[in-house]
Amino acid sequence: MNTSSLYADRRARLAAQLGAGGIAIIPTAPERPRNRDSDFLYRHDSYFYYLTGFTEPHATLVITADGQTTLFCQPKDMEREVWDGIRLGPEAAPAALGVSRAYSSAELAAHMPKLLENRSTVWYPFAIHAGLEGRVDGWLQSVRARVRYGALCPDQQRDLCSLLDEMRLVKDAHEQDIMRRASAISARAHIRAMQRSAAMLRAGQEVREYHLDAELLHEFRQHGSQYPAYGSIVAGGANACVLHYRADTALIRDGDLVLIDAGCELDGYASDITRTFPANGQFTGAQRALYDLVLASQDAAVAATKAGARFVDPHEATVAVLAQGLLDVGLLDKNKVGHAQDVIANRSYFQFYMHRTGHWLGMDVHDCGSYVEPSQVGQVSERKDPLSGELIKDRPSRILQPGMVLTIEPGLYVRPAAGVPEKFHNIGIRIEDDAIVTATGCELITRGVPVKADEIEALMRG
């Protein structure tokens, strides 16, 4: 299937779900100013791109239940194209993108009341595009002004994300191929940063976090990635205990661990890899003990990731290994917190592991899709959180299907505190890989960069 027919098939599948008289409105993302006379590098809206493959700004797609598709896009403008680049234009759009018809984006307000007239339900993404709801209201007011002439006005508005999230949750072969390629680029970037760190320290050079960030960016662009999928985390020493730390100017010292959480975006799809490595290429005893514990917990999570399992299963497998391991290495005192099952029940591990073990991955690094099983959404149980005392409503976790893509990313973060052995102070470790769910297990698409401690040390000696 060529890409044009791939997007047409997605539009047709969405149209079939809109119901009789349904109409869907999907804008792309706006351009965003960075400072005076300068915008942030443009990035399209993921829902819009999923249905069109079109990356220009100032565009809106309209789909009706009968499968008709209308694109509003920037008109050809030779003066602006000299400055901003060539535009496709509405005349060329139907043949290039496979839409039924196209108009200038300047004509959107004029056409929308006509498109909405005699429809029953308006679908659009809720709470994503600032001002869209107000614009829809304005168009509907124009339709209501014609009811005395027999026009019918839509009487329902529904969230289009509920349909598109389900479609995007299972990746087709085309999407999986792009994500494998993005992962391969990101894996090479991590290898480059590891080797650069050790080489600079061996040469007696000063190493700062931004030096390693530069290696990542070079490798991403060298292999065709358009940009990083998210702000890269490059954290040396104690900075690794800050979960969303950003690469900064901090000095990376011989003997530190370095945590890098970075992935490129390729053709609209994200990769997401975290590796933790010794800056000089050699783990200390305490670093190795915690690293091997995190890796063992990831191994357990990988084994729990397969079709038919629940999304929460890898997290529970991780926590089971970490709970026992924290007792074994002395980060938790069994005389105070009890045995491993007590550690789990009371969430005593939360001091050192405070995030979930994964998330959906796709066009967005934290991709769309419900984490609740749709067929069991009405099954609700209540429990009291042992740490906060908050009453939490639980619903059955999502059942994994082949083609779903998720991250598997356990970690440990040890800040200095009473009762915490000093040898573990300021050690932050996370190991993250991207997994495509298969019928029998999962395919780890990010293992182009080593994960075992011995293999990391061997790599960094090279």
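Two strands are taken to pair if DSSP finds at least two bridges between them. Helices (H or I, at least four residues) and strands (E, at least two) are DSSP runs, numbered from the N terminus. The structure is a predicted model, in which local features need pLDDT of at least 70 and side-chain atom pairs count only at pLDDT 80 or more, while totals for chains, interfaces and linings use all residues. Residues are numbered from 1 along each chain as its sequence is written, and side-chain values use heavy atoms, with hydrogens and water left out.

In β7, Ile-23 has Val-122 as its bridge partner, and in β4 its partner is Thr-64. Strands of a sheet pair through backbone hydrogen bonds, either parallel or antiparallel.

Burial is described by relative accessible area: buried means under 20%, exposed over 50%, and partly exposed in between, with a 1.4 Å probe and protein chains only. Six of the six residues of β1 (residues 22-27) are buried, so this strand is largely enclosed by the rest of the structure. Gly-22, Ala-24 and Ile-26 point one way from β1, and Ile-23, Ile-25 and Pro-27 point the other way. In a regular strand the side chains alternate between the two faces of the sheet.

Strand β1 belongs to an open sheet of six strands, ordered β6-β5-β4-β1-β7-β8, with mixed pairing. Its edge strands are β6 (101-104) and β8 (156-159), each of which pairs on one side only. Neighbouring strands of this sheet are turned against each other by 20° on average, direction ignored; the axes behind such angles are lines fitted to C-alpha atoms, for helices over the stretch in contact, and the angles run from 0 to 180 degrees between N-to-C directions.

From β4 the chain continues into β5 through a hairpin with four residues between the strands, and Gly-67 in the turn has a positive phi of about 90°. β4 and β5 run antiparallel and are joined by four bridges, with Val-62 partnered by Thr-70 in β5. On to β6, strand β5 (residues 69-73) runs parallel and is joined by four bridges; there, Leu-71 has Ala-102 as its bridge partner, and Cys-73 stands opposite Ser-104. Five of the five residues of β5 are buried, so β5 too is largely enclosed by the rest of the structure. Thr-69, Leu-71 and Cys-73 point one way from β5, and Thr-70 and Phe-72 the other way.

Helix α5 (residues 108-116) lies across β1, β4, β5, β6 and β7, and runs at about 165° to β5. Contact here means heavy atoms within 4.5 Å. α5 also packs against helix α6 (residues 132-144) at an angle of about 60°, with their axes 8 Å apart. That makes α5 oblique to α6; angles under 35 degrees count as roughly parallel, over 145 as roughly antiparallel, 65 to 115 as roughly perpendicular and the rest as oblique. The contact is made by Leu-108, Ala-109, Met-112, Pro-113 and Leu-116 of α5 and by Arg-135, Trp-139, Leu-140, Ser-142 and Val-143 of α6.

A further open sheet has three strands in the order β17-β20-β21, with antiparallel pairing. β17 (405-408) and β21 (442-444) stand at the edges, each with a single partner strand, so one side of each is left without a neighbour in the sheet. Here the twist averages 35° from one strand to the next. Three bridges link β20 (residues 433-437) to β21 in the antiparallel sense, and the partner of Ile-436 in β21 is Glu-443.

Helix α10 (residues 285-303) lies across β17, β20 and β21, at about 160° to β17. Gly-285, found in α10, counts as exposed at 59% relative accessibility. Gly-285 and Lys-423 are 138 residues apart in sequence and 9.2 Å apart in space, C-alpha to C-alpha. Helix α11 (residues 313-329) packs with α10 at an angle of about 155°, their axes being 7 Å apart, which makes α10 roughly antiparallel to α11.
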